Amino acid sequence: MLEINNLRAGIEDKEILKGIDLVVPTGEVHAIMGPNGSGKSTLSYVLSGRDGYEVTGGSATFDGADLLEMEPEARAASGLFLAFQYPVELPGVNNANFLRTALNAQRRARGEEELDAVKFLKLARAEIKRLSMADDMLKRNVNVGFSGGEKKRNEVLQMAVLRPKLAILDETDSGLDIDALKIVAEGVNALRGPAFSALVITHYQRLLDYIVPDRVHVLAGGRIIRSGGPELAHELEANGYAAVVAEAA
Amino acid sequence: MNAVSQTSLQASAQGFLARYEGLRHRLAGDTAAREAGAAAFTRHGLPGPREEAWRYTGLRPLAEIEFHEPVVLLADASAQFAALGLPDGPRLVFIDGRFRAELSRLPENIAITTGAPAFGHLADNSENLVALNTMLAEDGAAIDVAPGVDAGTLLIVSLGADAHGKPVSFHPRHAIRLGAGASLTLAEINAGTGVYFNNPVITAEIAEDATLVHLREQREAPGAFHLSTVFAEIAARGTYDSFSLALGGRLARVQVHARLAGEHSMAHLNAAQLLGGSQHADFTTVVRHDAPATASRQTVKNVLTGRSKGVFQGKIEVARIAQKTDGYQMNQTLLLSRDAEIDSKPQLEIYADDVKCSHGCTVGELDADQLFYLRSRGVPEREARNILVRAFLSEALDPVTHDAMRAHMEAAIAAWWEEAPT
Ligand SMILES: Nc1ncnc2c1ncn2[C@@H]1O[C@H](COP(=O)(O)OP(=O)(O)OP(=O)(O)O)[C@@H](O)[C@H]1O
Ligand SMILES: [Mg+2]
């Protein structure tokens with residue numbers, strides 16, 4: 001379970017998250033929607049441990065462990081995964097090696113046995129196939145020269161291979177064509193189950209037709225200003241944020 | 001301060017000259033060549049900070065040490081030798097600059113002469129350290145590959161050791177000649193223990209359509225000095241393809257002069273310098289395009305930690321006759337600590353009008369976003385940094401297609417990283 005309590009964080013003197021309260025129980029998928037610049041990516045970065053943010057108050061725990069005290073790699077090993085809004089290119093780093101290094105680093109940290117190259121490739125190839133990705137993706141350098149949509153799919157491939165307990169998907173749908181959107185949604189749905197939860201950040205109702213969330217939250221001005229069921233996404237799609245923001249003010 | 005360093009440089013040069021006086025009648029090889037070297041060294045001495053080519057690399061640390069002629073040669077070098085984990089195959093082994101037949105394995109398809117310096121025809125004694133080498137050279141290999149022969153791979157191993165407890169210097173002199181259409185991969189490994197000064201000069205004459213691949217691994221002892229000079233001359237359609245890995249020594253400089261003498265000849269002068277602590281390493285190149293349609297490529301990467309200092313000086317000269325020259329030079333540096341320093345000096349002298357020459361230089365730290373991306377996937381910070389450093393080096397290392405040497409260099413880099421401070 002992810003529990004965020006009155007979380008405040010910012011960059012230098014600028015406060016971006018102004019008291020976030022959010023609980024994602026194990027087994028549930030929650031969506032976060034909200035205007036540009038409201039702090040959605042900032043929240044996902046703070047939860048995954050990117051440098052440069054100052055947490056000024058509140059807490060965030062995952063299955064009882066204090067996330068904010070952990071190194072990013074320890075958060076990953078404990079089951080947290082962030083699909084980046086802007087996936088990072090790693091020139092000179094082979095995608096297959098990257099994935100295998102990541103998977104084995106996590107397994108090592110958890111005291112599990114590492115996968116040898118053969119077993120790993122079998123696993124990765126199966127996932128690639130399921131996501132309808134080109135086979136040569138594994139041979140290429142991480143995200144280098146990938147199209148926008150290919151980068152997003154590569155994020156989902158990593159998620160599928162790493163099998164997190166909690167996935168944060170930051171606008172994984174933007175830039176995807178309609179077929180890819182379905183494939184990505186299927187990738188998430190395949191992981192759904194009593195031990196998996198997800199936080200799906202999106203601007204579009206469409207993704208939520210495929211990944212039906214248990215709850216929808218509206219993040220605006222650094223706060224969750226409203227929460228509801230899947231119908232809230234339809235309401236936002238129809239009326240925009242203005243009404244919800246005005247109502248909360 | 002200049003005055004002080006001048007004095008110690010002069011005193012050191014006097015020491016080398018005195019040594020020559022004592023040895024001159026005992027040294028093997030071409031006396032006239034040696035005399036010319038001694039005359040040049042008498043005139044030039046050791047280079048000081050006022051010499052343009054030595055502005056970034058000061059030799060004072062070298063001048064402050066008195067180096068002796070290696071006398072008590074390491075009798076049993078087998079332990080050090082085994083530690084090198086050498087690839088199989090033919091090899092020439094030199095200990096403190098002296099050829100050691102019992103550790104070597106001569107190839108069948110290459111004519112090799114040892115026991116005296118192989119002066120060759122290309123070296124230029126106006127280079128101070130070449131003059132020093134010519135004056136004191138005690139041994140070396142003349143390596144001749146007959147026309148049309150694919151000679152495979154030959155290792156040249158240099159082990160330095162101050163076996164009698166006093167710093168020693170040695171001045172190996174090798175001459176390589178490839179006949180028309182011949183090919184050879186020459187792989188050098190320079191290593192050792194203690195305080196010593198390795199001052200090799202290598203000349204390479206590459207005939208028409210011949211290819212010399214020259215792989216150099218410099219992992220001298222932490223207290224060692226390595227100042228080497230290569231002269232390569234490449235005839236029409238010939239190739240000199242070199243990669244130089246520097247990660248050892250206290251003070252090191254690799255200087256390469258490549259002259260593209262025939263049409264469609266090509267030179268690759270790639271290098272990687274990995275430095276830590278207070279190490280200093282310098283990669284200096286002079287590429288002269290002296291014929292039309294010649295190409296040169298240089299990719300030089302530096303990874304610097306601690307208080308280390310890296311230097312790259314790359315000069316491309318294009319003669320008037322050398323139309324359609326294609327020259328490329330790229331120097332990239334990763335600074336892994338605040339106190340490390342890189343000095344980079346590209347120089348283009350172009351006298352032809354139809355040429356394509358480019359050079360670039362970047363200096364940066366590890367990319368924070370890339371580092372976070374890796375860590376967010378569960379890769380521990382140190383391993384993530386290692387992955388990014390290796391990725392940075394890959395462009396320079398990728399042309400090293402010789403599997404065994406590539407693996408040897410990869411292992412040397414991995415060992416370097418193990419010991420490098422974060
Ligand atoms: N490094 C930074 N320096 C200064 N301001 C920043 C920095 N990073 C983010 N911000 C600001 O913080 C606010 C929140 O940014 P964030 O990226 O979290 O928004 P978002 O909700 O993800 O927006 P979008 O929907 O456009 O992706 C924005 O006003 C942004 O400009
Ligand atoms: Mg965002």
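Reply: A residue counts as buried under 20% relative accessible area, as exposed over 50%, and as partly exposed in between (1.4 Å probe, protein chains only). Helices (H or I, at least four residues) and strands (E, at least two) are DSSP runs, numbered from the N terminus. This is a predicted model, so local features need pLDDT of at least 70 and side-chain atom pairs count only at pLDDT 80 or more, while totals for chains, interfaces and linings use all residues. Residues are numbered from 1 along each chain as its sequence is written, chains are lettered from A and ligands numbered from 1 in the order in which they are written, and side-chain values use heavy atoms, with hydrogens and water left out.

Now the helix. In α8 of chain A (residues 231–239), the buried residues are L232(A), A233(A) and L236(A). They share one side of α8(A) because they cover an arc of only 100 degrees around the axis. That arc is taken from the directions that run from the helix axis to the C-beta atoms. The face turned away from the buried side of α8(A) carries the exposed residues E231(A), A238(A) and N239(A).

What covers the buried side? Just after α8(A) comes G240(A), with a positive phi of about 80 degrees.

Next, a strand of chain A. Strand β9 (residues 166–170) of chain A is mostly covered, with five of its five residues buried. L166(A), I168(A) and D170(A) are buried on one side of β9(A), and A167(A) and L169(A) are buried on the other. Two strands pair if DSSP finds at least two bridges between them. β6(A) and β9(A) run parallel and are joined by four bridges. Within that pairing, L80(A) has L166(A) in β9(A) as its bridge partner. β9(A) also runs parallel to strand β10 (residues 197–201) of chain A, through five bridges. There, A167(A) is partnered by A198(A) in β10(A).

The metal comes next. The magnesium ion (ligand 2) is coordinated by OG of S41(A) and OE1 of Q85(A), at 2.0 to 2.1 Å. S41(A) lies in helix α1 of chain A and Q85(A) in the loop between β6 and β7 of chain A, so this pair links distant parts of the chain, 44 residues apart. Donors here are N, O and S atoms within 2.8 Å of the metal (3.2 Å for Na, K and Ca); water is not among the atoms, so sites may look incomplete. S41(A) and Q85(A) are both buried.

On to the rings. Rings of Phe, Tyr and Trp (its six-membered ring) pair if their centres lie within 6.5 Å; planes under 30 degrees apart count as stacked, over 60 as edge-to-face and the rest as tilted. Over all chains, the whole structure holds 14 aromatic pairs. One of them is edge-to-face: Y45(A) and F84(A), 6.1 Å centre to centre and 65 degrees between the planes. Y45(A) lies in helix α1 (residues 40–48) of chain A and F84(A) in the loop between β6 (80–83) and β7 (90–94) of chain A, so the pair ties together parts that are 39 residues apart in sequence. Y45(A) and F84(A) are buried. Y45(A) and F84(A) belong to one aromatic cluster with Y53(A), F98(A), F372(B) and Y373(B).

N141(A) lies in strand β8 (residues 141–142) of chain A. N141(A) is partly exposed, at a relative accessible area of 29%. N94(A) is 47 residues from N141(A) in sequence but 4.4 Å from it in space, C-alpha to C-alpha. Contact means heavy atoms within 4.5 Å. Leaving aside neighbours within four places in sequence, the contacts of N141(A) include L90(A), P91(A), N94(A) and F146(A).
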